[in-house]
Amino acid sequence: MTAVPLGVPRRMVEFTVDGEEARVPEGATILDACRASGKDVPTLCQGDTLTPKNACRACVVEVEGSRTLVPACSRRAEPGMEVRTDTERARHSRKIVLELLASSVDLSTTPKAADWIKEYGAKPDRFGPDAARVDESPKIDNDLYVRAYDKCILCYKCVDACGEQWQNTFAISVSGRGFDARIAVEHDAPLTDSACVYCGNCVEVCPTGALSFKSEFDMRAAGTWNEAAQTRTTTVCAYCGVGCNLTLHVQDNEIVKVTSPHDNPVTHGNLCIKGRFGYQHVQNRG
Amino acid sequence: MDLHFGDGKPTDEERAAVDALLGPPRSSWEGAARDDMRAADLRWARGGREARERRDLLLPGLHALNDRIGWISEGALGYLCRRLTVPPAQAYGVATFYAMFSVKPRPATVLHVCTDLACTAAGASELCAGIEARLGVGSGVSVERGPCLGLCERAPAALAVRAGDPVRTAVSAPATVEGAVLAASAPDSAPVEPPAAMAVPQAGDPSLTLLRRVGVVDPSSLDDYRAHGGYTALRRAFELGPAGVIREVTDSGLLGRGGAAFPTGRKWQATASQPDHPHYLVCNADESEPGTFKDRVIMEGDPFALVEAMTIAAYATGAHQGYLYLRGEYPRALRRLEHAVAQARARGLLGEDVLGQGYAFDIEIRRGAGAYICGEETALFNSIEGYRGEPRSKPPFPVEKGLFGKPTVENNVETLVNVLPILTTGAQAYAAIGTGRSTGPKLFCVSGSVDRPGVYELPFGATLGELLVLAGVRDRLRAVLLGGAAGGFVRPDELDIPLTFEGTREAGTTLGSGVVMAFDDTVPLPRLLLRIAEFFRDESCGQCVPCRVGTVRQEEALHRIVERTGAAAAGDIALLREVGRAMRDASICGLGQTAWNAVESAIDRLGAYE
Ligand SMILES: Cc1cc2nc3c(=O)[nH]c(=O)nc-3n(C[C@H](O)[C@H](O)[C@H](O)COP(=O)(O)O)c2cc1C
Ligand code: SF4
Ligand code: SF4
Ligand code: SF4
Ligand code: FES
Ligand code: FES
């Protein structure tokens, strides 16, 4: 199989994945090769618009000659590498990772988590009813988005999106360490006392729903959130000349949240506060 | 950057603590008081890029505050951030990473009481209870139970730190309730620590190589160091040239003593040949592996040896700047090394023109702040750079992209000190010591149930039994922990294991950093294992799931079976194995990968729960 590169031609790297020849452009990861050939490797901390921190370890694979398993999302393919994605050893680690996560945080709004838990035969309950959990009540301190860190898997995506990879605001960071590590602003203050500019780019990249629109959070709480009944319309932000693409999520003729296409070459899914949250005027039907 | 510094104002004292490190602010942009604002300040912003490039002063800045005030307030952190152009959320993330810092008010005096393996075996629990009973609320002392203080030969141990200008410290070891309370309540009048040589039972033995000067030389005198052969190795290095030094070190067969046993010559060669510049040298003096105290004894007893050895390593690998990363719990080693570096600098042995050879090299000492993970080589880089001490993914490796993204050679204290005899006696003579694959002398930190705990130097190849006899092992030995908390237990009938890298590997265990902890049958094994699990859970950086959550699940399982055996423990032991396997396979760094070694070995080799 071959992952076809667009843009400037690059040298191709030849290696094998599960015994099959694979060719990817130089710089591509093992995960890129897996996806190009239609293999499903679970990923949680990897995101299409960010350099992954390879912290979740859900995507680990075996590489010949390596003492430990390697994260497919981050390891670049090298010529002659022999990769095996579906061995008992790799599957074991993935299963344990899923069990560890599901036993400590709420994965109910993490897309695909339930499927992978089933596929890998993970049994998060086996650590017993007393297994320590990330017990945090949702932080609701502003009208735009909610931080429910009992769903946080510490993938670092929000930190990277807020910090050096996109927004350059550095309003959030990881504090504490070990199991007590949390995403936080300085001194665990409310968001409104932080440097946050409410671009919502952290919400855009959060893979678990730990960060969510206040509108979505409220509707979920009220039991009225219904993704199946929503339509998505991609349009152009009308506020300023940048012209970012917006995807309006509409349920019952109301905009319930705004995301942005990740494949847009200019914005890569990022917006500013106006584009992301300033939609109320559309539905002021007064 | 959208910097937002909040409303907190530093007190005068907090401001003074930061300014003592960074100098006074040059403009109100950097946090000078409003009334000091000069007309010029209104026209351009200072700080910015220039200040940001000194991000690595964040950790020293946090230390400055913690040393002077005892904790780090919002106003103080905000001021430090303003001075360095660091986002406060990041600085908060860094401050909360380290065990020795507090972002909540606490008394000026903190008494760190070790509850780790050797100290627990020596009665740390009763000691803590006694101290806490004496130093109740309102005593002005905060008692903090914590991991190994690196004083295991004098277990149980306590370290008092009293904030102020200057910060005062006192050690009580072996600690009594009275001794520890005195150290905390009057650190200035606490009895002085015994000399470093007291930790070397062989002190004065003419057959010693690495420890030969400890107890013989005056650690504060450069002249005395030179009178005892100091700086002959550096002269030899200048004769040989960088390539010649690397050849000698390679031929000597020296393997790293920090735990991973990587060939030092290969590491040096790989760094030296990197086209990217500058190159950095880092000395890993973090030594936070429970049961390890050899680096402390060298640094306290023979500090100039480390300065000389670092100079040689830097010269060989083309580095002009060296960092010595010292664990925060070693105040005496810090004082001795600061003095040694200053002396060497004053005498032209560090600085622009080392020994008049036209080669520039200097050393900066950086203090850790209570985080075992910062001994991992890439976590150490992050820590120096002012980030959270989280390990980086490899590749790229440090020799290519290390400290500040530049080629870096990082070595353990003991490894570096071995370079001196390699150069003075020659690679051949050095390689003749020890065995074919483990060459040279090796330091072992012996503690626990022995009559003469301390640092022992033996040529590689002596057996575990021989070492234990030397240290006066007591009767009714139940188990020996080899290689520290990340190592493994062996049985009393396995004492013929040769103490070499290959010998321990063949025996299915590890030499690690040279820890040998003996436990007699009065020590309750399951409690010990629980303490090891607790250590790793506490020290996990939290970055990756197998380690962050795995260490918690393992500790929970060990709690459940602490008083169980056989079939009643079987289910949890199976669980431990499954989680341990994933931790070993899928964790990012060596901490998670080895966290379960000791417990597994206790189950398999000692039959801990049978
Ligand atoms: C969790 C962890 C802690 C470590 N702690 C130390 C330490 O305290 N001191 C040390 O020299 N090496 C420590 N190491 C090993 C270092 O990462 C590195 O291998 C070593 O400093 C290299 O020096 P050497 O080649 O001279 O042994 C640690 C490794 C890990 C994974
Ligand atoms: S809040 Fe979301 S994006 Fe941020 S670390 Fe947690 S799971 Fe990841
Ligand atoms: S999202 Fe913000 S930056 Fe983008 S077009 Fe709208 S207003 Fe402009
Ligand atoms: S193994 Fe543990 S210490 Fe190492 S990166 Fe992962 S969480 Fe951090
Ligand atoms: S997806 Fe690769 S480690 Fe998380
Ligand atoms: S000082 Fe207490 S175990 Fe090392």
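This is a predicted model: local features need pLDDT of at least 70, side-chain atom pairs count only at pLDDT 80 or more; totals for chains, interfaces and linings use all residues.
**Helix 2 of chain A**

Helix 2 of chain A runs over residues 88-104. It has 17 residues. Of the 17 residues, 14 are buried, so the helix is largely enclosed by the rest of the structure.

**Two ligand shells**

| Shell | Nonpolar | Polar | Charged |
|---|---|---|---|
| Ligand 3 | 7 residues | 2 residues | 1 residue |
| Ligand 4 | 8 residues | 5 residues | no residues |

Around ligand 3 sit Cys237(A), Cys240(A), Cys244(A) and Cys272(A), among others. The shell also includes Tyr239(A), Val242(A), Leu271(A) and Lys274(A), along with Gly243(A) and Gly275(A).

Ligand 4 is surrounded by 13 residues. The closest are Cys541(B), Cys544(B), Cys547(B), Cys589(B) and Gly592(B).

**Leu254(B), a loop residue**

Leu254(B) lies in the loop between helix 10 (232-252) and helix 11 (264-272) of chain B. Is Leu254(B) buried or exposed? Its relative accessibility is 1%, so Leu254(B) counts as buried; the cut-off for buried is under 20%.

Which residues does Leu254(B) touch, leaving aside those up to four places away in sequence? Among them are Val249(B), Phe262(B), Pro263(B) and Thr264(B). Leu254(B) also touches Thr415(B), Asn418(B), Val419(B) and Ile422(B), as well as Tyr430(B) and Thr439(B).

Sequence and space tell separate stories here. Leu254(B) and Gly440(B) are 186 residues apart in sequence, yet their C-alpha atoms are 7.2 Å apart in space.

Note on methods. Residues are numbered from 1 along each chain as its sequence is written. Chains are lettered from A and ligands numbered from 1 in the order in which they are written. Side-chain values use heavy atoms; hydrogens and water are left out. Helices (H or I, at least four residues) and strands (E, at least two) are DSSP runs, numbered from the N terminus. The expected span of a helix is 1.5 Å times one less than its number of residues. Buried means under 20% relative accessible area, exposed over 50%, partly exposed in between (1.4 Å probe, protein chains only). A residue is near a molecule or strand if one of its heavy atoms lies within 4 Å of it. Ala, Val, Leu, Ile, Met, Phe, Trp, Tyr, Cys and Pro count as nonpolar, Asp, Glu, Lys and Arg as charged, and the others, Gly among them, as polar. Contact means heavy atoms within 4.5 Å.
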